[in-house]
Amino acid sequence: MKVVVIGGTGLIGSKLVAGLREQGHEAVPAAPSTGVDTLTGEGLAEALEGASVVVDVSNSPSFEDEAVLEFFRTSTANLLKAEAEAGVGHHVALSVVGTERLQESGYFRAKQAQEELIKASGLPWSIVHATQFFEFVKGIAAAATDGDTVRLAAAGIRPVHADDVAAAVGRTAVGAPVNGVVEVAGPEVFGLDELVRTALAAAGDPRTVVTDPHARYFGAGLREDTLLPGPGAHLAGHRFADWLAGQR
């Protein structure tokens with residue numbers, strides 16, 4: 001089948017395109033660099049011609065509250081309209097475990113708005129909720145850094161390898177629409193503070209991780225289970241320690 005991957009040149013998108021092609025599908029990466037811009041609608045109709053599935057793994061270039069909300073609202077609305085006109089039979093989007101519990105954060109409010117547009121679109125849909133990627137742990141540390149100190153809560157998290165996220169999105173894309181949410185997570189539970197402390201130590205990073213139950217996570221407060229998936233989540237196989245060892 002023809003699968004158009006919005007954000008198909010990024011971390012998850014490029015892995016997804018490669019995996020779908022290995023399975024014999026026609027996977028088309030769509031991004032501004034390939035002439036497809038979901039914010040303006042440029043190139044969308046041409047890219048979606050003959051597509052069975054559209055997968056949206058794109059992300060906002062800015063995480064500022066207003067900009068990220070504008071990105072997800074506009075790009076998702078343009079994409080869903082173009083899909084309806086092209087007769088696309090399945091819309092798949094990648095989102096984040098705990099999005100609905102992180103609404104103090106402007107980024108997650110924008111992701112929630114994206115999900116609500118999809119659910120109200122009338123198109124067959126599936127949303128994949130992933131926990132944070134191993135590859136994004138440095139970003140979590142950067143956002144929580146003040147000087148030489150990283151302040152993080154001890155909330156539980158099951159980080160997941162980007163390869164496993166791409167595989168889960170790929171399985172969902174070639175399957176029947178679930179008109180619901182599929183969760184994917186890593187095999188191990190860490191405290192968020194412990195996870196980042198381990199990653200920084202492995203990289204020889206001198207910053208000190210301080211456990212602070214009041215520390216914000218991209219603007220949102222955390223409970224113990226805020227970032228954890230439900231009991232029906234698919235648990236992937238890659239372990240964080242093995243990934244860390246491969247980064248050296």
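The model is predicted: local features need pLDDT of at least 70, side-chain atom pairs count only at pLDDT 80 or more, and totals for chains, interfaces and linings use all residues. Residues are numbered from 1 along each chain as its sequence is written, and side-chain values use heavy atoms, with hydrogens and water left out.

**Stop one: helix 1.** Select residues 11-22, which form helix 1. Helices (H or I, at least four residues) and strands (E, at least two) are DSSP runs, numbered from the N terminus. Helix 1 has 12 residues and reaches 17 Å from first C-alpha to last, close to the expected 16 Å. That expected span is 1.5 Å times one less than the number of residues.

Now pick Ile12, Gly13, Leu16, Val17 and Leu20, which are buried (under 20% relative accessible area; exposed is over 50%, partly exposed in between; 1.4 Å probe, protein chains only). Look down the axis of helix 1: its buried residues fall within an arc of 130°, so they line one face. The arc is that of the directions from the helix axis to the C-beta atoms.

Next, show the cover. Among the elements over these buried residues are strand 1 (2-6), strand 2 (26-30), strand 3 (53-56), strand 4 (90-96) and helix 6 (162-174).

Step just past helix 1 to glycine 24. Its phi is positive, about 95°.

**Stop two: asparagine 179.** Go to the loop between helix 6 and strand 9 (181-185). Asparagine 179 is not a glycine, yet its phi is positive, about 50°. It is partly exposed, at 45% relative accessibility.

**Stop three: phenylalanine 218.** Select the loop between strand 11 (208-211) and strand 12 (234-235). Phenylalanine 218 also has a positive phi, near 50°. Its relative accessible area is 28%, so it counts as partly exposed.

Conventions:
Contact means heavy atoms within 4.5 Å.
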